[in-house]
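Okay, thanks for having me, everyone. Let me put the model up and then walk you through it.

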Amino acid sequence: MTYWLIPIQEDMWDTIRSEGVYGYKQDLSQYIAKGDYLIIYVSKYYAKVYGGKIVGVVKVLTEWYHDETPVFPEEKVRNRALFPYRVRVEPEVTGVCEFKSILDKIVFIEDKAQLAKYLRNAPANLKRPIPEQDAKLIEECLNGHI
(Lines give C-alpha, C1' and ligand atoms only; values in the text may rest on other atoms or scores of the structure.)
Protein backbone atom coordinates (compact mmCIF):
# COMPACT_ATOMS: atom_id res chain seq x y z
CA MET A 1 0.00 0.00 0.00
CA THR A 2 1.19 3.47 -0.90
CA TYR A 3 0.01 6.82 0.45
CA TRP A 4 -0.31 9.89 -1.78
CA LEU A 5 -1.04 13.50 -0.85
CA ILE A 6 -3.83 14.90 -3.04
CA PRO A 7 -4.73 18.61 -2.98
CA ILE A 8 -8.33 19.36 -3.93
CA GLN A 9 -10.65 22.33 -4.12
CA GLU A 10 -12.88 22.43 -1.07
CA ASP A 11 -16.13 21.81 -2.97
CA MET A 12 -14.79 18.50 -4.32
CA TRP A 13 -14.67 16.89 -0.85
CA ASP A 14 -18.44 16.45 -0.58
CA THR A 15 -18.51 14.71 -3.98
CA ILE A 16 -15.58 12.46 -3.09
CA ARG A 17 -17.44 11.33 0.04
CA SER A 18 -20.96 11.11 -1.35
CA GLU A 19 -20.20 9.71 -4.83
CA GLY A 20 -17.13 7.67 -3.89
CA VAL A 21 -15.08 9.06 -6.76
CA TYR A 22 -11.89 11.10 -7.15
CA GLY A 23 -11.05 12.73 -10.46
CA TYR A 24 -8.15 14.61 -12.01
CA LYS A 25 -7.42 16.37 -15.29
CA GLN A 26 -4.70 13.87 -16.23
CA ASP A 27 -4.30 10.12 -15.94
CA LEU A 28 -2.40 9.40 -12.71
CA SER A 29 -2.17 5.63 -13.17
CA GLN A 30 1.63 5.77 -13.37
CA TYR A 31 1.59 6.86 -9.71
CA ILE A 32 -1.66 5.85 -8.02
CA ALA A 33 -2.95 2.27 -8.19
CA LYS A 34 -5.84 0.24 -6.85
CA GLY A 35 -5.24 -0.40 -3.15
CA ASP A 36 -3.34 2.84 -2.56
CA TYR A 37 -4.51 5.53 -0.17
CA LEU A 38 -5.14 9.20 -0.96
CA ILE A 39 -4.57 11.75 1.80
CA ILE A 40 -6.98 14.56 0.94
CA TYR A 41 -5.67 18.09 1.51
CA VAL A 42 -7.94 21.08 0.86
CA SER A 43 -6.16 23.88 -0.96
CA LYS A 44 -6.53 27.36 0.53
CA TYR A 45 -7.74 28.79 -2.79
CA TYR A 46 -11.45 29.63 -2.63
CA ALA A 47 -11.82 27.61 0.56
CA LYS A 48 -14.23 28.82 3.21
CA VAL A 49 -13.95 26.14 5.90
CA TYR A 50 -11.21 23.54 5.27
CA GLY A 51 -8.49 25.52 3.49
CA GLY A 52 -5.03 24.40 4.57
CA LYS A 53 -6.40 21.32 6.30
CA ILE A 54 -6.34 17.57 5.69
CA VAL A 55 -9.88 16.20 5.71
CA GLY A 56 -9.51 12.50 5.09
CA VAL A 57 -7.78 9.39 3.88
CA VAL A 58 -9.57 7.42 1.17
CA LYS A 59 -8.74 4.01 -0.26
CA VAL A 60 -8.53 3.57 -4.04
CA LEU A 61 -10.91 0.75 -4.99
CA THR A 62 -10.49 0.60 -8.79
CA GLU A 63 -8.05 1.13 -11.60
CA TRP A 64 -8.21 4.50 -13.38
CA TYR A 65 -10.94 4.99 -15.94
CA HIS A 66 -12.12 7.81 -18.20
CA ASP A 67 -15.59 9.29 -17.66
CA GLU A 68 -16.95 12.50 -19.18
CA THR A 69 -20.01 12.68 -16.90
CA PRO A 70 -19.99 15.93 -14.87
CA VAL A 71 -19.98 14.96 -11.17
CA PHE A 72 -17.87 17.58 -9.39
CA PRO A 73 -19.40 21.01 -8.63
CA GLU A 74 -17.28 22.95 -11.14
CA GLU A 75 -18.05 20.34 -13.81
CA LYS A 76 -21.78 20.65 -13.19
CA VAL A 77 -21.61 24.46 -13.55
CA ARG A 78 -19.73 24.15 -16.86
CA ASN A 79 -21.71 21.07 -17.96
CA ARG A 80 -18.55 19.22 -18.98
CA ALA A 81 -15.94 17.01 -17.36
CA LEU A 82 -12.87 18.85 -16.10
CA PHE A 83 -11.55 15.87 -14.15
CA PRO A 84 -12.33 12.93 -16.47
CA TYR A 85 -9.62 10.58 -15.19
CA ARG A 86 -11.17 8.90 -12.18
CA VAL A 87 -10.96 6.19 -9.57
CA ARG A 88 -13.60 4.87 -7.18
CA VAL A 89 -12.67 5.55 -3.55
CA GLU A 90 -13.98 4.87 -0.08
CA PRO A 91 -13.24 6.93 3.03
CA GLU A 92 -11.05 5.19 5.61
CA VAL A 93 -10.58 8.09 8.04
CA THR A 94 -12.27 11.49 7.96
CA GLY A 95 -11.93 14.50 10.21
CA VAL A 96 -10.09 17.77 10.22
CA CYS A 97 -6.32 17.98 10.68
CA GLU A 98 -4.74 21.42 10.71
CA PHE A 99 -1.72 20.79 8.51
CA LYS A 100 0.46 23.33 10.30
CA SER A 101 -0.19 21.60 13.64
CA ILE A 102 1.78 18.54 12.50
CA LEU A 103 4.29 20.27 10.24
CA ASP A 104 7.17 19.92 12.70
CA LYS A 105 6.47 16.18 13.13
CA ILE A 106 6.24 15.04 9.51
CA VAL A 107 9.35 14.13 7.56
CA PHE A 108 8.24 14.24 3.91
CA ILE A 109 8.50 18.03 3.85
CA GLU A 110 12.24 18.50 3.99
CA ASP A 111 12.18 22.29 3.48
CA LYS A 112 9.52 23.66 5.84
CA ALA A 113 10.06 27.20 4.50
CA GLN A 114 9.00 26.01 1.02
CA LEU A 115 5.80 24.28 2.16
CA ALA A 116 3.77 25.35 -0.90
CA LYS A 117 5.89 23.35 -3.34
CA TYR A 118 4.93 20.14 -1.50
CA LEU A 119 1.20 20.94 -1.66
CA ARG A 120 0.59 21.49 -5.36
CA ASN A 121 -0.37 19.25 -8.27
CA ALA A 122 -1.42 15.65 -7.97
CA PRO A 123 0.07 13.70 -6.55
CA ALA A 124 1.58 16.41 -4.36
CA ASN A 125 4.89 16.03 -2.50
CA LEU A 126 6.72 16.44 -5.80
CA LYS A 127 4.98 13.29 -7.13
CA ARG A 128 6.51 11.15 -4.39
CA PRO A 129 4.59 8.86 -2.00
CA ILE A 130 4.08 9.88 1.61
CA PRO A 131 6.11 7.79 4.09
CA GLU A 132 3.92 5.42 6.12
CA GLN A 133 5.04 7.00 9.41
CA ASP A 134 3.72 10.38 8.19
CA ALA A 135 0.48 8.79 6.96
CA LYS A 136 -0.10 7.23 10.39
CA LEU A 137 0.60 10.58 12.07
CA ILE A 138 -1.95 12.24 9.74
CA GLU A 139 -4.53 9.55 10.57
CA GLU A 140 -3.96 10.18 14.30
CA CYS A 141 -4.47 13.89 13.71
CA LEU A 142 -7.69 13.23 11.74
CA ASN A 143 -8.94 11.07 14.61
CA GLY A 144 -8.32 13.94 17.04
CA HIS A 145 -5.45 12.25 18.90
CA ILE A 146 -2.93 15.01 18.15
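**The disulfide and its surroundings**

So, start with the sulfurs: cysteine 97 and cysteine 141 are joined by a disulfide, S to S 2.1 Å, where a disulfide is a pair of cysteine sulfur atoms within 2.5 Å. By that rule the count is one disulfide. The link is right-handed, with 100° about the S-S bond. It ties together distant parts of the chain, cysteine 97 in strand β6 and cysteine 141 in helix α5 (residues 132-142), 44 residues apart. Helices and strands here are DSSP runs, H or I with at least four residues for helices and E with at least two for strands, numbered from the N terminus.

Quick caveats. This is a predicted model, where local features need pLDDT of at least 70 and side-chain atom pairs count only at pLDDT 80 or more, while totals for chains, interfaces and linings use all residues. Residues are numbered from 1 along each chain as its sequence is written, and side-chain values use heavy atoms, with hydrogens and water left out.

Back to the cysteines: are they buried or exposed? Cysteine 97 is buried because its relative accessible area is 0%, and cysteine 141 counts as buried at 4%. The cut-offs are under 20% for buried, over 50% for exposed and partly exposed in between, with a 1.4 Å probe and protein chains only.

Now valine 96, also in strand β6 (residues 85-98). At 43% relative accessibility, valine 96 counts as partly exposed. Leaving out residues up to four places away in sequence, valine 96 touches Tyr50, Lys53, Ile54, Cys141 and Leu142; contact means heavy atoms within 4.5 Å.

Zooming out, what does the whole chain look like? It has five helices and six strands, running β-α-β-β-β-β-α-β-α-α-α from the N terminus. The radius of gyration is 14 Å, close to the 15 Å that the globule rule gives for 146 residues, so the chain is as compact as a globular protein of that length. That radius is taken over C-alpha atoms, and the rule is 2.2 Å times the number of residues to the power 0.38. Of the 146 residues, 47% count as buried. Among contacts with a separation of 6 or more, 67% come from residues 24 or more positions apart.
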